[in-house]
Amino acid sequence: MNISFIGAGNVASSLGSLFTNAGHTVKYGTQNPNDSQLPIVDAISFGEVVCFAIPFSAMNDVLTANKEALKGKIVVDITNAINNSDWSPLFLGEDSGGEQTARLLPESKVVKAFNTIFADVMKEDKQLFDGQKLTAFIASDDTEASATIKKLADDAGFNGFIVGGIKNSRNLEAIAQLNIAIAFGGGGTDAGFTYFQRKN
């Protein structure tokens, strides 16, 4: 697939490398592109899947400015609502960043995914813990988009796990905040969640 990242930080570059290694074509779009990056609108045009890995505080403006270009696209929201200064959570009440993205982009196929995984473990040599794959939780109201992102997660070396509709972004963002709290409490970022499900 053609996959675009809006943003080129640690999450975008690490996850993008995993997608590239799995045979997908990845490009990066930024506000001020360098020689290896594209303007945001060009990156959006390129991608069948457009992943947003920018600060949560920038999402509203960037999504609003590019709403038309994102029509019909699978949009993956990787963001977490945190204060950029200290990674403390921004409390959104009975709402979530993923749901806000979906409301801003009613004609896109919005998926919340990969936000519970640290960039440090988005590496081929760090994805397994005691032989178990990290879980990539996926939430979307579009079942086909969920299936596509599950396939990409599996391709990248994770265990893609669909948890239901976009309202479950609230739970995924809470998981991410717990992950961050554990890390800042001394646990570090070489860590992650693996979900086990017993099947009869």
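Residues are numbered from 1 along each chain as its sequence is written, and side-chain values use heavy atoms, with hydrogens and water left out. Because the model is predicted, local features need pLDDT of at least 70 and side-chain atom pairs count only at pLDDT 80 or more, whereas totals for chains, interfaces and linings use all residues.

Strand 9 comprises residues 135-140; helices (H or I, at least four residues) and strands (E, at least two) are DSSP runs, numbered from the N terminus. Six of the six residues of strand 9 are buried, so the strand is largely enclosed by the rest of the structure. Here, buried means under 20% relative accessible area, exposed means over 50%, and partly exposed lies in between (1.4 Å probe, protein chains only). Both faces of strand 9 are covered, with Thr-135, Phe-137 and Ala-139 buried on one side and Ala-136, Ile-138 and Ser-140 buried on the other.

Two strands are said to pair if DSSP finds at least two bridges between them. Strand 9 pairs with strand 6 (residues 109-113) in the antiparallel sense over three bridges, and Ile-138 of strand 9 is the bridge partner of Ala-113. With strand 10 (residues 159-164), strand 9 pairs in the parallel sense over five bridges; Phe-137 stands opposite Phe-161 in strand 10. The chain passes from strand 9 through helix 5 (residues 143-155) to strand 10 in a right-handed β-α-β crossover, that is, with the strands pointing away from the viewer, the path from the first strand over the helix to the second runs clockwise.

Rings of Phe, Tyr and Trp (its six-membered ring) pair if their centres lie within 6.5 Å; planes under 30 degrees apart count as stacked, over 60 as edge-to-face and the rest as tilted. Seven aromatic pairs are counted by this rule. The ring centres of Phe-114 and Phe-158 are 6.4 Å apart and their planes stand at 55 degrees, so this pair is tilted. Both residues, Phe-114 and Phe-158, are buried. Phe-137 and Tyr-195 form an edge-to-face pair, 6.3 Å centre to centre with 70 degrees between the planes. Phe-137 is buried at 8% relative accessibility, whereas Tyr-195 is partly exposed at 39%.
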